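Dear colleague,

Please find the structure below. My notes on what was found in it follow directly after.

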Amino acid sequence: MANMSLNKNPMPTQDPKVRAKNFLEVATGYSEQAALDEAARCLNCKNMPCVSGCPVNIHIPDFIEKVREGDFEEAYKIISKSSSLPAVCGRVCPQENQCEAKCVRGIKGEPVGIGRLERFVADWHNEHSSAVETAPEKNGHKVAVVGSGPAGLTCAGDLAKSGYEVTVFEALHTAGGVLVYGIPEFRLPKKIVAKEIETLKKLGVKIETNIIIGKTLTVDELFDMGFEAVFIGSGAGLPRFMGIDGENLKGVYSANEFLTRSNLMKAYEENSATPILRAEKVAVVGGEMLRWMLQERRFALAQKRFILYTVAPLKNFLQDRKRLSMLWRRALNSNFFAIL
Ligand SMILES: Cc1cc2nc3c(=O)[nH]c(=O)nc-3n(C[C@H](O)[C@H](O)[C@H](O)COP(=O)(O)OP(=O)(O)OC[C@H]3O[C@@H](n4cnc5c(N)ncnc54)[C@H](O)[C@@H]3O)c2cc1C
Ligand code: SF4
């Protein structure tokens, strides 16, 4: 019988007093019982509106049905037919605007917690499954992928599953793109990304780091090496500066540099080789950075005050209502000043 509760099973989280003092993931994930209970909220709709909201068209009611039956491994197989990064997407995909926005249970009450269930299934597989991923039979064609962000990894995974010999070339020393240098550890632990990349490697994907395509190797050289096609998933990682006096001064960071230092290079650790200047008073220019600065507050950068300079109205860059209210509360608690 369907569970007609109007509310999703809540996502368990670390106690706020504990999480304020560590960098571990805030959300701790569903228990088996919560997953079974949440799966029972799905009505297994024939027209599957949720699937049309998913950018990769995961067969959502089918995987949820398997969760409901307690067959978590089969649920994983259904998800991984359409997604190469289920543990990542279950955490950071904006489900509230995608699959869950289309869920019929959202008409009266909260939609089914599709993202939470996806995360549960992926984590269950990673912790319990003894299934060994094996590389499919090769079809004799070689493809190069430039960049190891979600675009490059997804392309590599899909091609590898179809038998292509894929090599991913990554400029940085670690694969993952924004997943490792942008999204903070407490939202997406690096070990989750590393595990997904390991799975791709088992499918036969080769990953070459510290290679800048265009400098270390040219695209022509890739073709000379026998690659028949090149997918460029280089992201949009370069900052756009404003061209004003002083922006090269010590202590002025672009958002990209700030995030890379804190997330990839672990600037929050004592004696980090790439530290972030610690200051009492910090000016933030541009709105979108606000949420990241506030979240990064937990990296103990010792700011007592934030000053935000932006030309855009607040609502333009703080669209995510749920996260906004959480961040806003934190901001108010930290003597935040906004100049708009
Ligand atoms: C702080 C932050 C938080 C975010 N949070 C979310 C979220 O919660 N949910 C969500 O859905 N989206 C989020 N996003 C957006 C999401 O991360 C991006 O849309 C996504 O990463 C884009 O993927 P990509 O593979 O195109 O590029 P990227 O992730 O930027 O990856 C590109 C990769 O290509 C490499 N590269 C670039 N040039 C070369 C070259 N010449 N040779 C070799 N390698 C090269 C780069 O080093 C990088 O690793 C966030 C973005 C940021 C910045
Ligand atoms: S729309 Fe909601 S209730 Fe219907 S199948 Fe999809 S997840 Fe289940």
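By class, the shell around ligand 1 in this predicted model holds 15 nonpolar, 11 polar and 1 charged residues. Here Ala, Val, Leu, Ile, Met, Phe, Trp, Tyr, Cys and Pro count as nonpolar, Asp, Glu, Lys and Arg as charged, and the others, Gly among them, as polar. In total 27 residues surround the ligand, the closest being G147, G149, A151, G177 and G235; a residue counts if its C-beta atom, placed from the backbone, lies within 6 Å. Helix 9 gives the largest share, 3 residues. Because domain 1 (16-128) and domain 2 (142-232) both contribute to this shell, ligand 1 lies between them; the bounds come from an automatic or database domain assignment.

In helix 11, I192, V193, E196, I197 and L200 are buried (20 or more other C-beta atoms within 10 Å of the residue's own; exposed means 12 or fewer, and partly exposed in between). Seen down the helix axis, these buried residues fall within an arc of 135°, so they line one face. On the other side of helix 11, K191 and E198 are exposed. The cover over the buried residues includes helix 6 (86-92), helix 9 (150-161), helix 10 (178-181) and strand 3 (206-208), with contact meaning C-beta atoms within 7 Å. Helices (H or I, at least four residues) and strands (E, at least two) are DSSP runs, numbered from the N terminus.

Residues are numbered from 1 along each chain as its sequence is written, while chains are lettered from A and ligands numbered from 1 in the order in which they are written. As the model is predicted, local features need pLDDT of at least 70 and side-chain atom pairs count only at pLDDT 80 or more, whereas totals for chains, interfaces and linings use all residues.

With kind regards

How values were computed. Arc of directions from axis to C-beta. Contact = placed C-beta atoms within 7 Å.
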